[in-house]
Amino acid sequence: MRAREPDPRDGVTDDREEIEPDYRFTLANERTFLAWIRTSLGLVAGGVAVHQLVPGLATATARTLLAALCIGLATLLAALAYPRWWRIQRAMRRREPLPRSPLLPVVSAVVLVITVVAAVLVVKG
């Protein structure tokens with residue numbers, strides 16, 4: 001067993017011992033991280049597409065709102081994907097319970113808002 005190297009982000013060393021988790025769990029955690037990044041890229045593409053490629057869908061203001069919601073959620077996902085990966089990886093190495101993520105209900109709520117806005121634009125369009 002080896003001690004964890006200091007995390008430069010927290011400025012504090014932690015002497016708790018860590019072990020290498022089963023590689024399957026590490027790879028699953030990495031796949032989840034990559035899924036968050038893929039989702040973020042998809043939201044960016046969707047936001048740009050709505051804003052630039054479908055002028056007949058709605059007014060410029062409504063398209064900008066929908067695009068901003070997509071790109072805003074993409075920014076949130078991209079910004080929080082790595083810290084989430086890091087917290088889970090650290091918990092696995094320390095054999096601690098996996099941390100809960102407040103990101104999941106936020107993502108669900110914002111996707112619901114995006115869906116409602118898009119549905120309204122399609123119906124009114």
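These questions and answers take up helices and aromatic rings in a predicted model.

Reader: What makes α2 and α3 roughly antiparallel?
Author: Look at the angle. α2 and α3 pack at about 165°, with their axes 10 Å apart. Angles over 145 degrees count as roughly antiparallel. The pair is therefore given that name.

Reader: Which residues make the contact between α2 and α3?
Author: On α2 they include Leu65, Leu69, Leu73 and Leu76. On α3 they include Val106, Val110, Val113 and Val117. An α-helix has 3.6 residues a turn, so residues three or four places apart point the same way.

Reader: What is the handedness of the crossing of α2 and α3?
Author: The crossing is left-handed.

Reader: What covers the buried residues of α1?
Author: The cover includes α2 (60-94) and α3 (103-124). Among the buried residues of α1 are Trp36, Leu43 and Val50.

Reader: Why is Trp86 called partly exposed?
Author: Its relative accessible area is 23%. Buried means under 20%, and exposed means over 50%. Trp86 falls in between, so it is partly exposed.

Reader: Why is the pair of Trp85 and Trp86 called tilted?
Author: The ring centres are 6.2 Å apart, and pairing needs them within 6.5 Å. The planes are at 45°. Stacked needs under 30 degrees and edge-to-face over 60, so this pair is tilted.

Definitions and conventions: Residues are numbered from 1 along each chain as its sequence is written. This is a predicted model: local features need pLDDT of at least 70, side-chain atom pairs count only at pLDDT 80 or more; totals for chains, interfaces and linings use all residues. Side-chain values use heavy atoms; hydrogens and water are left out. Rings of Phe, Tyr and Trp (its six-membered ring) pair if their centres lie within 6.5 Å; planes under 30 degrees apart count as stacked, over 60 as edge-to-face and the rest as tilted. Buried means under 20% relative accessible area, exposed over 50%, partly exposed in between (1.4 Å probe, protein chains only). Helices (H or I, at least four residues) and strands (E, at least two) are DSSP runs, numbered from the N terminus. Contact means heavy atoms within 4.5 Å. Axes are lines fitted to C-alpha atoms, for helices over the stretch in contact, and angles run from 0 to 180 degrees between N-to-C directions. Angles under 35 degrees count as roughly parallel, over 145 as roughly antiparallel, 65 to 115 as roughly perpendicular and the rest as oblique. A crossing is left-handed if the near helix is turned anticlockwise from the far one by less than a right angle, and right-handed if clockwise.
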